[in-house]
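Please read the following note with the sequence and the model open beside you. The points are meant to be taken one after another.

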Amino acid sequence: MQDDAKETDGSLLGDPGQTPPGKKEQGKWQRPRLTRKALLKCCLVKRLLSRATPQGSDSSDSDLELSSVRHQPEGLDQLQALTKFTKKELQSLYRGFKNECPSGLVDEDTFKLIYAQFFPQGDASMYAHFLFNAFDVDRNGAISFEDFVVGLSVLLRGTVHEKLNWAFNLYDINKDGYITKEEMLAIMKSIYDMMGRYTYPIVRDDAPVEHVEKFFQKMDRNRDGVVTIEEFLETCQKDENIMSSMQLFENVI
């Protein structure tokens, strides 16, 4: 994997970015080398771009107007306004999205299939489940192209505040506006389960528990057993170790 590991400027059409090789982590706990950003670009984006049709297709593709799909996306201009992607990037993503999901909607089984194929040595089912729910903003059991690119735009090109809000939504599994210690641990364990043998150095079985316990104590400022969005934002922005280890910003979750 290290042959492919190099930093990028966030372009979707470039080399999928991964954690730079030889970069040592500080402290007792060592986070997985593959970051959330790398996962997204390695799995979802790489999968969609690999499914994209060659450049130069007809103009209906350029305008994202395909009568053959059951769920038609917003126009290209609208999506450019909602995201930080270029027209070329949106076209490439849509071609792959259309070929992967002709109906125009992605279900959870498709998410799980993609991650299972990229991480056969681990169990990616729970991580894919949590990630799917974070993208499924309408809570209707399906992800539209608009849902996908808006969420992806936040993760890859969003502001610090936007990325933190997206991360909070991921950790808030039951969407009640709070993060519990159990929810945070469930997300962390799902990442370890997915990585399987791809974590380096190999971590102890109890490392996620210790990691979550330490961070939760810092975030739960009023000691009421839950973390609010305000506590989450304030703690993350003030503590560089939390920002790094939770894999936010460039290393999103």
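Which residue forms a salt bridge with Glu-234, and how many Å apart are the closest N and O atoms?

1. The partner of Glu-234 is Lys-238, and the closest N and O atoms of this salt bridge are 3.0 Å apart; a salt bridge here is a side-chain nitrogen of Lys or Arg within 4 Å of a carboxyl oxygen of Asp or Glu. Because Glu-234 and Lys-238 are four residues apart in helix 11 (residues 229-238), about one helical turn separates them. Helices (H or I, at least four residues) are DSSP runs that are numbered from the N terminus.

2. Before going further, please note that this is a predicted model, in which local features need pLDDT of at least 70 and side-chain atom pairs count only at pLDDT 80 or more, while totals for chains, interfaces and linings use all residues. Residues are numbered from 1 along each chain as its sequence is written, and side-chain values use heavy atoms, with hydrogens and water left out.

3. Glu-234 is partly exposed at 34% relative accessibility, whereas Lys-238 is exposed at 60%; buried means under 20% relative accessible area, exposed over 50%, and partly exposed in between (1.4 Å probe, protein chains only).

4. The count comes to six salt bridges, and another of them joins the side chains of Glu-108 and Lys-112, at 3.3 Å from N to O. Both residues lie in helix 5 (residues 108-118), where they are four residues apart, about one turn of the helix. Lys-112 is partly exposed, with 30% relative accessibility.

5. A salt bridge also brings together the side chains of Lys-181 and Glu-213, at 3.1 Å from N to O. This pair links distant parts of the chain, since Lys-181 is in helix 9 (residues 181-195) and Glu-213 is in helix 10 (residues 207-219), 32 residues apart. Lys-181 is partly exposed at 29%, and Glu-213 is partly exposed at 30%.

6. Helix 9 and helix 10 pack at an angle of about 140 degrees, with their axes 10 Å apart; the axes are lines fitted to C-alpha atoms over the stretch in contact, and angles run from 0 to 180 degrees between N-to-C directions.

7. Finally, the structure holds zero disulfides, a disulfide being a pair of cysteine sulfur atoms within 2.5 Å. Cys-101 is buried, with a relative accessible area of 5%, and Cys-236 is buried, with 0%.

Methods
Helix = DSSP H or I, 4+ residues; strand = E, 2+ residues; numbered from the N terminus.
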